[in-house]
Amino acid sequence: MLLCFSSSHRTAEFDLLERLERHAPAVTAALAEQHGIVAGSVVLATCNRFEAYLDVDAQPLAADATADRVIETVAAASGIDAGLLRSSSAVYSDDAVAEHLFSVSSGLESVVVGEGEIAGQVRRALQAARTSGTVTGNLERVFQVASRTSRGVKNQTGIMTAGRSMVRLALELAESRISDWAAVRVLLVGTGKYAGASLAALRERGVVDVQVFSPTGRAAKFALSHDVVPVESDDLLEALGSADLVVTCSAVTDHVITRALLADAIAAPDAAARRLVIDLGLPRNVDPAVAELRDVELLDLETISIHAPVEELNAAADARELVGAAAAEFAAQNAEQAVTPALVALRTHVFGILDAEIARARSRGDSTEQTEAALRHLAGVLLHTPSVRARELARNGEAQTFVDATSALFGVEVEDAPRPQTLRAVDDETAAS
């Protein structure tokens, strides 16, 4: 059974993700030592997500217990409280693992939706697992399909450019309000890849005066690598007051800029006369009520989307449709495997009888090569329809029906009975967020 432990920007604070990423080698080693539970693993560790994809020796009904064991192992190896990990993660099992991985590798779960770096990170995670010898056939297959899916999404949709296009479109809308970009004082809120894309777009238009604030305390690091001025929490009010343009693109879930905060900033004696606030955060980084303040104009994603080309708005939906189709086909192929033992048993039974009859005919001198070939062909033809029906039943979740029919009609007992494949997440509420 496949299982995935996932902690990402959607479920956890960045400090926790940093700790998990830092302890990735120790976690990988600890998971490999869980003999009898973990048959193989692939660990994906980036600045925005930490995920362990596992091939575990457990039945679906035991998924919760296995997930707890995995979380405890990760907690012990990383030095993070197990309870904190549980509340900051999601665990997927069975076919839900494939759908999640396909979505991740296609950039649909990234801070900047559609960012292309994640596909390479997924491939490198698989290669690292190959090198360490922790990949199983099940993991190899799901990761290979994930790579094909992400390539299909990239080639067939505009998802890889849609996120950054929103930055471009927002600044195009802002051009009617800004006459001289070189004179604009900008406060950038956020330090992720979206912030990097926003800063690059601003500089393309000639912006030179940029300060950066991070709700998670990363401003200094970002400022150093991007040659801008960092703003600490104590100086945020002053920075807001002096800025002509505020661009927010943080992954935090609470409003970074509230109506009260901006009102206080505007009231400062040396505050800018007017300001434009562009909120690219999802969820919103800016309280919509700031638009009620005098001399403040707010452009949020909802407003920007009204002006977006239809193909850009549809890019994520198209990508999710492709991911969903790939996940459904992967689940169907998994389901087909459930009837393989029964098909093998039936084929062995039929050809066993045929071989015995041919042997008797040979002993009487009544057999020719042409007759034997014709009989074997006939047996294959007769088995074709049951094979097709078996796979159809399996894809519809009725594999056991074929197994029971094979036993009832031919007396064939199947040693490896199929188990149902389900699409589910252990923590459904968190997984859906």
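Helix H5 (residues 95–105) and helix H7 (residues 137–156) have axes that come within 8 Å and cross at roughly 40 degrees. Helices here are DSSP runs of H or I with at least four residues, strands are E runs of at least two, and both are numbered from the N terminus. The axes are lines fitted to C-alpha atoms, for helices over the stretch in contact, with angles from 0 to 180 degrees between N-to-C directions. H5 and H7 are therefore oblique to each other (under 35 degrees would be roughly parallel, over 145 roughly antiparallel, 65 to 115 roughly perpendicular, and the rest is oblique). The crossing is right-handed, that is, the near helix is turned clockwise from the far one by less than a right angle.

This is a predicted model, where local features need pLDDT of at least 70, side-chain atom pairs count only at pLDDT 80 or more, and totals for chains, interfaces and linings use all residues. Residues are numbered from 1 along each chain as its sequence is written, and side-chain values use heavy atoms, leaving out hydrogens and water.

On the H5 side, Ala98, Leu101, Phe102 and Ser105 meet Val142, Phe143, Val145, Ala146, Thr149 and Ser150 of H7 (contact: heavy atoms within 4.5 Å).

Now for the backbone. Most residues other than glycine have a negative phi. Asp94, not a glycine, has a positive phi of about 55 degrees; Asp94 sits in strand E4 (residues 90–94) and is buried at 3% relative accessibility. Asp227 also has a positive phi, near 60 degrees, but lies in the loop between helix H10 (219–226) and strand E7 (229–231). Asp227 is exposed, with a relative accessible area of 67% (buried is under 20%, exposed over 50%, partly exposed in between, using a 1.4 Å probe and protein chains only).
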